[in-house]
Amino acid sequence: MSLWKYADRLPVEPLVTLEEGETPLIRSAKLPGDTWLKFEGANPTGSFKDRGMTVAVSAAMAEGAEAVICASTGNTAASAAAYAARAGLRCAVIVPDGKIATGKLAQALMHGADVIALRGNFDQALALVRELTDRHPIALVNSLNEFRIEGQKTAAFEVCDQLGGAPDTLCIPVGNAGNITAYWRGFQEYNASPHLHGYQAEGAAPLVKGEPVENPETVASAIRIGNPARWEEAMNAVTASRGEIRAVSDAEILDAYRRLAAEGIFCEPASAASVAGMLKYGSEGTTVCVLTGHGLKDPTTAIANAQPVVPCEPSLEALEKVVLR
Ligand code: AN7
C-alpha cells in the first residue's frame with residue numbers, strides 16, 4: 001500500500017513509486033493536550049517531499065521528459081534524485097553552498113544527481129532554475145509544480161483517515177509554503193477544515209513579517225527561505241482556516257527537537273518548528289503536528305545539541321565507573 005490508494009484523487013498514473021505515504025500518526029506521550037505527530041520521516045527518502053515527487057516524476061515520465069531539476073534546501077534534492085534514479089531520468093539539483101544537511105547531500109550524490117552548490121541562497125537558486133526551465137525542456141520539480149501539491153495533499157487525507165475525522169488544529173513548518181498549500185487543498189477535498197497553524201523560523205519569517213527576507217538565517221536549514229513561492233496560497237490557507245502564521249526562535253526549535261527525541265521521536269530541526277509553535281502559541285482541541293523530515297537527515301545538528309559521548313579506557317573498572325555513575 002502507499003499514497004496511491006488515493007489514486008482516484010490524483011491526476012496521473014503511478015509510473016514511478018517507492019511506496020511513499022501511509023506514514024505513522026503517533027500520539028505524543030509527553031506533549032500537552034491531545035497531540036498527534038504525523039511522522040513524515042518514515043517516507044522512503046525520509047521526508048514528506050516523496051509524496052509530491054512520486055506524482056511529479058510520474059507526470060514528467062508521462063510527458064516524455066528526460067531530465068528533472070530543482071532548487072533545494074536539501075530534502076527536495078534528495079527526493080528528486082531518488083525518484084529520478086528510479087525512473088531512469090537525469091537529475092540536477094541546485095543547493096545553497098554549505099547550507100544543506102549532510103544526510104541530504106549524501107542522498108542526492110548517492111542517487112547520482114548532479115549536485116550544484118550555488119554561491120547564494122535558496123531563493124536565488126529557485127529564481128535561477130525557474131529561468132533555466134523557461135528556456136530549456138527540463139522538468140521543474142519544485143513545489144511550483146502542481147503535481148507536487150497534488151501528491152502532498154494526500155497527507156491531509158491520511159490524517160483524517162487515521163484519526164477517524166479531521167483534527168481541530170494542524171501545526172506545520174513553513175518554508176517555500178508548498179506543503180501548507182497542499183494540506184489545505186487536501187482538507188478541502190475531504191470537507192475538513194482544521195485551523196492551520198504555520199510556523200516559520202524567526203530569522204526566515206517573510207510571511208510573518210509581510211515582506212521577503214533578503215538574508216534568511218536559521219539552524220533549521222530546510223526552512224532557510226526568504227521569499228516563498230506559494231506566498232499567496234499559504235496566506236489564503238491560514239486566513240480561510242482561521243489559523244495563524246507565526247515565528248519561533250532557533251532556541252525554541254531546538255528545545256522542541258530535543259523534547260521529541262526524549263520521547264523516542266527523531267525529526268529534523270525544521271520539523272520541530274511545528275511543535276515549537278504549538279508549545280509557544282497553544283492550539284485548540286485535537287492537534288496534529290507535522291514532522292516533515294527524519295532526524296537522521298542532519299546528524300551534525302543532532303550531535304551538536306545532545307549530551308557528549310563518554311570516553312572510557314578498556315577495563316571493567318573504568319567501564320563500571322562511567323556506566324554506574
Ligand atoms: C523538513 O527541500 O524547500 O513550506 O528545498 O525540508 O513546503 O517548503 C524543504 C522544505 C519543512 C518546508 N520541513 O516545506 C527543499 C525545501 C522540511 C523541509 C519544509 C521543508 P514547504
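Me: Why is Tyr190 called partly exposed?
Reply: Its relative accessibility is 22%. Buried means under 20% relative accessible area, exposed over 50%, and partly exposed in between (1.4 Å probe, protein chains only), so Tyr190 counts as partly exposed. Bear in mind that this is a predicted model, where local features need pLDDT of at least 70 and side-chain atom pairs count only at pLDDT 80 or more, while totals for chains, interfaces and linings use all residues. Residues are numbered from 1 along each chain as its sequence is written, and side-chain values use heavy atoms, leaving out hydrogens and water.

Me: What makes Phe157 buried?
Reply: Phe157 has a relative accessible area of 0%, so Phe157 falls under the 20% limit for buried.

Me: How do you know that the pair of Phe157 and Tyr190 is stacked?
Reply: Rings of Phe, Tyr and Trp (its six-membered ring) pair if their centres lie within 6.5 Å; planes under 30 degrees apart count as stacked, over 60 as edge-to-face and the rest as tilted. Here the centres are 4.6 Å apart and the planes stand at 15 degrees, so the pair is stacked.

Me: Why is the pair of Tyr183 and Phe187 called tilted?
Reply: Their rings are 6.1 Å apart, centre to centre, with 40 degrees between the planes.

Me: What makes Arg9 a charge over the ring of Phe157?
Reply: The rule asks for NZ of Lys or CZ of Arg within 6 Å of the ring centre and within 35 degrees of the ring normal. The charged end of Arg9 sits over the ring, 5.0 Å from its centre.
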